[in-house]
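Please look over the sequence and the model shown below.

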Amino acid sequence: MTRRHDRQSLPVPPRWGSGRARGFSLIEVLVAVAVLGIGLLAVGGLQLKALQEAQAGYQRTLASLAAQDAAERLWAAQVKSEAGGSECPAGSEIAADWYENWQSHLPGLSANPVTSESSSGNNCNYAIEVKWESGGDSVPYRYEVGLPKL
């Protein structure tokens, strides 16, 4: 037979304020949630900035393509001219058609991007400046091209 005093006693849970309590307190959980929340806000801000920069890069790529398109249109206008390519075409010859093609792709696009720099010897030199609106600012992209006289 077992006697009462021979039995092992069960552990008594600690009382509030006495000894070491197990688990997390409410303050620790609130601090952990606050740190996690601040971290998630920072990640969200970084994601927003990455999207903005990706959009700006996309617009710069379109501006580069638009400038190259203007240079190719100048080349085509020079070849199609009555002089057979021996004269430099004016930038205004291609402006309307170029603007109609690119205005839907770049917001606030400037209408006439081509200015004639100089025509020296056997070259027709142009400066193509594509300007568009991005985030309330006017963003320029300058492209210089020289076409040989044929």
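## Burial and surface of the chain

Of the 150 residues in the protein chain, 22% are buried, where buried means under 20% relative accessible area, exposed over 50% and partly exposed in between, with a 1.4 Å probe and protein chains only. The accessible surface of the chain comes to about 11200 Å², and 57% of this surface belongs to carbon and sulfur atoms; such areas come from the Shrake-Rupley method with a 1.4 Å probe, and for residues only the protein chains shown count as cover.

This is a predicted model, in which local features need pLDDT of at least 70 and side-chain atom pairs count only at pLDDT 80 or more, whereas totals for chains, interfaces and linings use all residues. Residues are numbered from 1 along each chain as its sequence is written, and side-chain values use heavy atoms, with hydrogens and water left out.

## Helices and strands

The protein chain has 2 helices and 3 strands, which follow the pattern α-α-β-β-β along the sequence; helices (H or I, at least four residues) and strands (E, at least two) are DSSP runs numbered from the N terminus.

Strand 1 (residues 114-118) pairs with strand 2 (residues 123-134) in the antiparallel sense over 4 bridges, pairing being assigned if DSSP finds at least two bridges between two strands. Val114 has Ile128 in strand 2 as its bridge partner, and in the hairpin of these strands, with 4 residues between them, Gly121 takes a positive phi near 60°. Strand 2 is also joined to strand 3 (residues 137-148), by 12 bridges and again antiparallel, with Val139 in strand 3 as the bridge partner of Trp132. In this second hairpin, which has 2 residues between the strands, Gly135 takes a positive phi near 65°.

Helix 2 (residues 92-102) has Ile94, Ala95, Trp98 and Trp102 as its buried residues. Seen down the helix axis, these residues fall within an arc of 115°, so they line one face of helix 2; the arc is that of the directions from the helix axis to the C-beta atoms.

Their cover includes helix 1, strand 1 and strand 2. On the face turned away from the buried side, helix 2 carries the exposed residues Ala96 and Glu100.

## A nonpolar patch

Leu26, Ile27, Leu30, Val31 and Val35 form a nonpolar patch on the surface, with about 530 Å² of accessible area together. Patches are made of residues with over 30% relative accessible area and no salt bridge, with like charges joined within 9 Å and nonpolar side chains (Val, Leu, Ile, Met, Phe, Trp, Tyr) within 5 Å; a salt bridge is a side-chain nitrogen of Lys or Arg within 4 Å of a carboxyl oxygen of Asp or Glu. Leu30, one of the patch residues, lies in helix 1 (residues 26-80).

Note on methods
Contact = heavy atoms within 4.5 Å.
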